[in-house]
Amino acid sequence: MYVRATGMKYYSFLRELHASTLFDWYMEIGCRTGTSFAPVRSKTIAVDPFFRVDLNIIGQKPALHVFQSTSDDFFESGFLQRNGIRLGLSFLDGMHLFEYLLRDFIGTEAASDPKGVIMMHDCAPGNFVMTTRDLSAIKGAWTGDVWKLVPILQKWRPDLTLTMLDLRPTGMLCVSNLSPGNTVLQDHYSEIVAEYLDQTIESFGVERFFDLFEFAPAAQMLEEGFPLFQPVALDPASALKPTLHST
Ligand SMILES: C[S@@+](CC[C@H](N)C(=O)[O-])C[C@H]1O[C@@H](n2cnc3c(N)ncnc32)[C@H](O)[C@@H]1O
């Protein structure tokens, strides 16, 4: 049986998180309208091959770097390494096929602060239809097969800490205790993809999947001041307050 994420909406959680917590660098892969990163007050990197933005995405950010490209091309460009960037918080919400998300995770962890957090969207699907890998068959909400990151990371990277927030509609997998120098996933990438490519959530076992984790209540995390994110947070007093210099 599919277990639904019934907590607060993910946009509300992200708004509250960014209203209270600052990071040196925030990165978002898969942005489209910019709604999810507009409230960010940290230096920001936004990556999407197809932006459609008509809101104020700059807000209180000290810097905003926008890359209208695929995440593979972005990582390949070497921008993060060239600029010595250590990511505090990343939100991976790009192509929802597990091998893409696995590559996004590998590239992101390599440039992360070890005390940082990587959030991955839609890893707890609410039904079978939304898990399809057939891009021409998508109807309505689509999680694709990114649920596979849960068993993959549990098997290959038991050193990571996984927290599945109960954010509606389809959960948010937060990964902490990062090791930027760890190459296990990169070294075994082909083997991992071959093992999981033809699995569906039903062949894997729906109950088996939902037995792999318990939903953590996002509302409690908010009430407690987002403890998961505090090890990498900056002093909130250092937030930029943009001032008008001329009319
Ligand atoms: C679900 S939307 C992102 C929604 C946004 N994060 C939000 O919460 O409002 C997924 C986005 O991933 C982008 N995308 C698709 N393939 C991608 C790729 N290879 N690299 C980066 N982004 C990709 C799409 O263009 C789309 O805008």
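These are my notebook entries on a predicted model.

**Overall build.** I began with the secondary structure and counted 10 helices and eight strands in the chain. Next I looked up the radius of gyration: it is 18 Å, close to the 18 Å that the globule rule gives for 247 residues, so the chain is as compact as a globular protein of that length. Along the principal axes, the C-alpha atoms fill a box of roughly 60 × 35 × 35 Å. I also checked burial, and 39% of the 247 residues count as buried. Among contacts with a separation of 6 or more, 65% join residues 24 or more positions apart.

I then traced the strand order of the open sheet and got 3-2-1-4-5-7-6-8, with mixed pairing. Strand 3 (64–67) and strand 8 (215–216) are the edges, each pairing on one side only. I picked out strand 4 (residues 87–92) and strand 5 (residues 112–121), which pair in the parallel sense over five bridges. For S90, I found the bridge partner in strand 5 to be I118.

**The core.** Which residues touch the most other members of the largest nonpolar core? My list reads M120, C123, L149 and L173, out of 58 residues in that core.

**Around the ligand.** Last, I turned to the ligand and found 17 residues surrounding it, with G30, R32, S36, G94 and M95 the closest.

Definitions and conventions. Residues are numbered from 1 along each chain as its sequence is written. This is a predicted model: local features need pLDDT of at least 70, side-chain atom pairs count only at pLDDT 80 or more; totals for chains, interfaces and linings use all residues. A residue is near a molecule or strand if its C-beta atom, placed from the backbone, lies within 6 Å of it. A nonpolar core is a set of buried Ala, Val, Leu, Ile, Met, Phe, Trp, Tyr and Cys residues joined through C-beta atoms within 7 Å. A residue is buried if 20 or more other C-beta atoms lie within 10 Å of its own, exposed if 12 or fewer, and partly exposed in between; C-beta atoms are placed from the backbone. Helices (H or I, at least four residues) and strands (E, at least two) are DSSP runs, numbered from the N terminus. The radius of gyration is taken over C-alpha atoms; the globule rule is 2.2 Å times the number of residues to the power 0.38. Two residues are in contact if their C-beta atoms, placed from the backbone, lie within 7 Å. Two strands pair if DSSP finds at least two bridges between them.
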